[in-house]
Amino acid sequence: MHKLKVLSGLAMILMGAAAAQASDFAGPYVGAKMGVNASSATSLNSKTAATGGIEAGYNWDMQDNLLLGLSGYYDYNGKTSHAGSGTAPASVNYGSQAYGPNLKPAIPSGRWRPYATIGHARAPCLAAHYAPH
């Protein structure tokens, strides 16, 4: 019985220490984003399209105030049609989607978490279409 009390007490101390060391950013997260993509190119008119995406991942507290995150994401840029002029095609219609994994090393400072992203993106085109004049 005495051994159980000692082990229980030790476990409570260790859990309390781990909770005290955990940053506000450690653990799982899920997020969403949305916005507008403005695009233009030489001899094509400017257009805007809706964009959006999701991201989910997990952050681990490391030593020396370092946070390490691993995430996966999916981004979507809506398809839009650009009218051409001069030597450009009469219209160019394109959009994109991107997805992949990211590694995010960070050094949290209070409520801020500056980080770098190291990852891979797969970005197939959403149907490019070129119409001649």
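1. Trp-60 has its place in strand β2, where strands (E, at least two residues) and helices (H or I, at least four) are DSSP runs numbered from the N terminus. With a relative accessibility of 39%, Trp-60 counts as partly exposed, a class that lies between buried, under 20% relative accessible area, and exposed, over 50%, for a 1.4 Å probe and protein chains only.

2. On the basis of the note: this is a predicted model, in which local features need pLDDT of at least 70 and side-chain atom pairs count only at pLDDT 80 or more, while totals for chains, interfaces and linings use all residues. Residues are numbered from 1 along each chain as its sequence is written, and side-chain values use heavy atoms, with hydrogens and water left out.

3. As for the overall make-up, the secondary structure of the chain comes to one helix and six strands, and reading along the sequence gives the pattern α-β-β-β-β-β-β. Of the 133 residues of the chain, 20% count as buried. Among contacts (heavy atoms within 4.5 Å) with a separation of 6 or more, 55% are made by residues 24 or more positions apart.

4. The accessible surface of the chain comes to about 9200 Å², and 63% of that belongs to carbon and sulfur atoms; such areas come from the Shrake-Rupley method with a 1.4 Å probe, and for residues only the protein chains shown count as cover.

5. Trp-60 also takes part in the one aromatic pair that a search of the whole structure finds. The ring centres of Tyr-58 and Trp-60 are 4.8 Å apart and their planes stand at 50°, so the pair is tilted. By the rule used, rings of Phe, Tyr and Trp (its six-membered ring) pair if their centres lie within 6.5 Å, and planes under 30 degrees apart count as stacked, over 60 as edge-to-face and the rest as tilted. Tyr-58, with a relative accessible area of 34%, is partly exposed.

6. Both members of that pair belong to a nonpolar patch on the surface, formed by Tyr-58, Trp-60, Met-62, Leu-66, Leu-70, Leu-103, Ile-107 and Ile-118, with about 720 Å² of accessible area together. Patches are made of residues with over 30% relative accessible area and no salt bridge, like charges being joined within 9 Å and nonpolar side chains (Val, Leu, Ile, Met, Phe, Trp, Tyr) within 5 Å.

7. Asn-59 is found in strand β2, which spans residues 44-61, and at 4% relative accessibility Asn-59 counts as buried. Its side chain reaches the backbone oxygen of Phe-25 at 3.0 Å. If neighbours within four places in sequence are left aside, the contacts of Asn-59 are Phe-25, Ala-26, Gly-27, Tyr-29, Leu-67, Leu-68, Gly-69 and Arg-113.

8. Asp-61 likewise has its place in strand β2, and at 32% relative accessibility Asp-61 counts as partly exposed. The C-alpha atoms of Asp-61 and Ser-23 are separated by 6.8 Å, although these residues are 38 residues apart along the chain.

9. The count of salt bridges comes to two, where a salt bridge is a side-chain nitrogen of Lys or Arg within 4 Å of a carboxyl oxygen of Asp or Glu. One of them joins Glu-55 and Lys-104, whose closest N and O atoms are 2.5 Å apart. Glu-55 lies in strand β2 and Lys-104 in strand β4 (residues 91-106), so the pair ties together parts that are 49 residues apart in sequence. Glu-55 counts as buried at 16% relative accessibility, and Lys-104 is buried with a relative accessible area of 5%.

10. Not counting residues up to four places away in sequence, Glu-55 touches Tyr-29, Val-30, Gly-31, Lys-33, Ser-71, Gly-72, Tyr-73 and Lys-104.

11. Lys-33 forms a salt bridge with Asp-75, the closest N and O atoms being 3.2 Å apart. This pair links distant parts of the chain, with Lys-33 in strand β1 (residues 27-41) and Asp-75 in strand β3 (residues 67-83), 42 residues apart. Lys-33 counts as partly exposed at 39% relative accessibility, and Asp-75 is partly exposed with a relative accessible area of 21%.

Terms used:
A polar contact is a pair of N or O atoms within 3.5 Å; within protein, one must be able to donate a hydrogen and the other to accept it, and residues adjacent in sequence count only if both atoms are side-chain atoms.
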